[in-house]
Amino acid sequence: MGHRIYRIMFFVFVLVLSDQIFGAFLRKLYFSSDQKEFSKLRYIIRDFKADVAIFGSSRSLHHFNAKMIEDSIGLKVYNCGFAGQGMEFSFLQFKNIIKNGQLKRVIVEVSPNILFDKESNEKLFLLAPFVKESEVIRDQLIGKGTDKIKFFSEVLPFNSLLPDLLFNKNKVEYDSLNGFEPLISKKYHRSNLEINYINKTNYLSNSIYYLSKIIEESISNKINITLVTTPYHDLSKTESRVINFIKDYTFQKYKIRFMDYSKFEKVYNMDVYFKDKLHLNFEGAQLFSSYFSSDYIKG
Amino acid sequence: MLFNSMHFVLFFLLVTPIYFVLPHKFRWMWLLAASCYFYMAFVPVYILILGFTIVIDYFAGIYIEQSIGKKRKLFLIFSLIANVGVLAFFKYYNFINENITSILYGMDYENPIPNLTILLPIGLSFHTFQAMSYTIEVYRGNQKAERHFGIYSLYVMFYPQLVAGPIERPQNLLHQFHKEHEFSYDRMIEGLKLMVWGYFMKLVVADRLAIYVDAVYDNYEMHSGKTLALATMFFAIQIYCDFAGYSNIAIGSARIMGFDLMTNFNRPYFSKSISEFWSRWHISLSTWFKDYLYISLGGNRVSVPRWYFNLFIVFLLSGLWHGANWTFVIWGGLNGFYLVFAIITEKVRNRINSKLRINYFPSLINIIQVAVTFVLISISWVFFRSSSAHQGVSIIRDIVSFDGDLFLLNRSVFILSVFSLVLLGLGEYYLEFTKVSAPFLEKRQWLPASIVYAVIVIFILSIGSLNGGQFIYFQF
């Protein structure tokens, strides 16, 4: 019996030791990595210094030329957009940023496909490496029942990141682009994207909940907040209805500014400015950003 | 409740110790309650369907045993109709109705019968076949009818193998529920090793490859022949690791409690022929079809054309068992064709090999045979994965052209997929030559086993896909 307990203990010891050593190695790699997403996240969670933060999905990331907006409005602007992320992710970024008290303005990109995208919650794991240092992230990721057990592992927060850590040196000069990621030389590709809003309205409550939290905490921290729907290549009637719903809902409840560029006439239905239905290419983003900057100042 | 979820891990950690703490006479109740909870975690109301078939088959078994002459057959037929009827309704109603609609449409008629919105009860195909094997074996006199209703219910509902097999035989499983199982450290370690290896196959290999396969197959028209060929090869490995991984977890979790379930996979991609492949792949299903359909049709003790027909029919029905779509029938038919063709051409191929003196190079022959078998099986997987016959044919055509550039999706996904394949390859190669189901199963190898399994767990944590992906065979 004794030797069996010894063997079990030996296995547990080897497992824990391997987890700790490999986890420490991954942590070191992650927090010194130049990989674009990792270094951008590190900046946002740890070192954020801008006056204006822009949140949202890839439609923020590729649409708002933060440097151009910065030159226009005279405040430091940073584009916190992340491809494939939703409102909960934006909320967690926002909560980490407002800690330092520097943030003056917030711009949130709100689009029907993001508010109804059931996939967005799954990518919260991108924030897992920060579980130890951010209480907000820890509460959100670990707070959910059985997920507590997962985070006993040092390796798990870095799940699936090893190839990017070892091989991907795809650094974007974020200091000069302020988080903006242009889609350069992307020819328009007509997609078969169809979002069934009727079936997915059960996800509305989660996304609207986090959007509401961003709005309420901005108001309570005296941070100016603006909601923006950036341009689409084309819009269905359902999508237009959804945008109007979001506009009415947020205005009725919070009386905040909503800038609707969904059918921005300078780019609407013009292939030359789009990569696909949802994303402006670089030229489109430049055009949009310049008009947005002047409208933003006027408001 | 998926095996690859924290919910299951906690469930298992609760159920197993309590099982051993309880006196033997209460253990079946505990396992049955746990199995009910496990099944109801999917769609609770469907336990009523399971209950219905259990009641039918429990009484059918008793009446078959007690009756003589034609009555025995009648009770058997009644039981089979009830089981097949439930399976047909939930699984094939819409498929049959859609085909009727197509036929009527071709004759300018409308089908007045609407499709139904039916959710397929999880594991229906598996537990139905397991239940049918019980009544057939009682009828054949190979199994005594189970008088204990709870034990019989547990035979059908035993949670490790309830939703995706192995499809057990009553001779193997039923008596195990009557035996008192003492806790065994060695069995616990063996079971845990099988489970960890199963999780590795599922999370590190199958779910990793699935990302690439889904990205390609869901947009197959946009991808080159090379990409489709690679995605098909990935799918062949994905479906093996998904299903064999599940089976390992099921067998391992049962073994910890003292139950021995049958081996379901025996490294099928090391097969040197289609016939060998089918003796190594989904063994519980292929033996089920052999014992209850193929042999009943006469097997190979009939005329040669009838023998080929029997083989072909069995494979067609095996394909249909997998899903209500013509693609599965084509998949089954293709495998049947391979087998029949292999039998027909066996003498010719042997003569050619002999004349070319290929037999002088046995290692080369083995490699060629394994490669050819893998390619043939992968071609059939195209239809299994495709959503329509047209998609399958289109993909095969593009693969044959082998044109265009290779799509990598993104570098991380590709690197992880290839790396997981390498790990699997090393593991499977080792297992093929040690003839065990999981690495270092023998207890004398506890030191290397501890290190290897700790490393496997680290692999699962670092590169396993932990998004709770569904098991492919759950949909059957």
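Student: How many aromatic pairs are there over all chains?

Tutor: The count comes to 91 aromatic pairs over all chains, where rings of Phe, Tyr and Trp pair if their centres lie within 6.5 Å; please keep in mind that this is a predicted model.

Student: Why is the pair of A:Tyr209 and A:Tyr210 called edge-to-face?

Tutor: The ring centres of A:Tyr209 and A:Tyr210 are 4.9 Å apart, with the planes at 80°. Since planes over 60 degrees apart count as edge-to-face, the pair of A:Tyr209 and A:Tyr210 is therefore edge-to-face.

Student: What makes A:Tyr209 partly exposed, and is A:Tyr210 buried or exposed?

Tutor: Buried means under 20% relative accessible area and exposed over 50%, with partly exposed in between. A:Tyr209 has a relative accessible area of 43%, so A:Tyr209 is partly exposed, whereas A:Tyr210, at 9%, counts as buried.

Student: Why is the pair of B:Trp281 and B:Trp381 called tilted?

Tutor: The centres of B:Trp281 and B:Trp381 are 5.1 Å apart and the angle between the planes is 55°.

Student: How do you know that the charged end of A:Lys40 sits over the ring of A:Phe82?

Tutor: The charged end of A:Lys40 is 5.1 Å from the ring centre of A:Phe82, and the cut-off for NZ of Lys is within 6 Å of the ring centre, together with a position within 35 degrees of the ring normal. In chain B, B:Lys91 lies over the face of B:Trp321, at 5.3 Å from the ring centre.

Student: How do you know whether the radius of gyration of chain B agrees with that of a compact globule?

Tutor: A compact globule of 476 residues would have a radius of gyration near 23 Å, and chain B has 23 Å, so the value agrees. Chain B has 18 helices and 0 strands, and buried residues make up 54% of its 476 residues. Among its contacts with a separation of 6 or more, 76% come from residues 24 or more positions apart.

Student: What makes the peptide bond from B:Gly165 to B:Pro166 worth a remark?

Tutor: This bond is cis, with omega near 5°, and B:Pro166 is found in the loop between α6 (149–157) and α7 (170–178) of chain B. Most peptide bonds are trans.

Student: What is the phi of A:Lys222, and where does this residue lie?

Tutor: Phi of A:Lys222 is near 55°, a positive value in a residue other than glycine, and its place is in the loop between α12 (204–220) and β4 (224–229) of chain A. Most residues other than glycine have a negative phi.

How values were computed: Residues numbered from 1 in each chain as written. Chains lettered and ligands numbered in written order. Predicted model: local features only at pLDDT ≥ 70, side-chain atom pairs only at ≥ 80, totals over all residues. Heavy atoms only, no water. Phe/Tyr/Trp six-rings, centres within 6.5 Å; stacked < 30°, edge-to-face > 60°. Buried < 20%, exposed > 50% of the residue type's maximum accessible area, 1.4 Å probe, protein only. Helix = DSSP H or I, 4+ residues; strand = E, 2+ residues; numbered from the N terminus. Rg over C-alpha atoms; globule rule 2.2 N^0.38 Å. Contact = heavy atoms within 4.5 Å.
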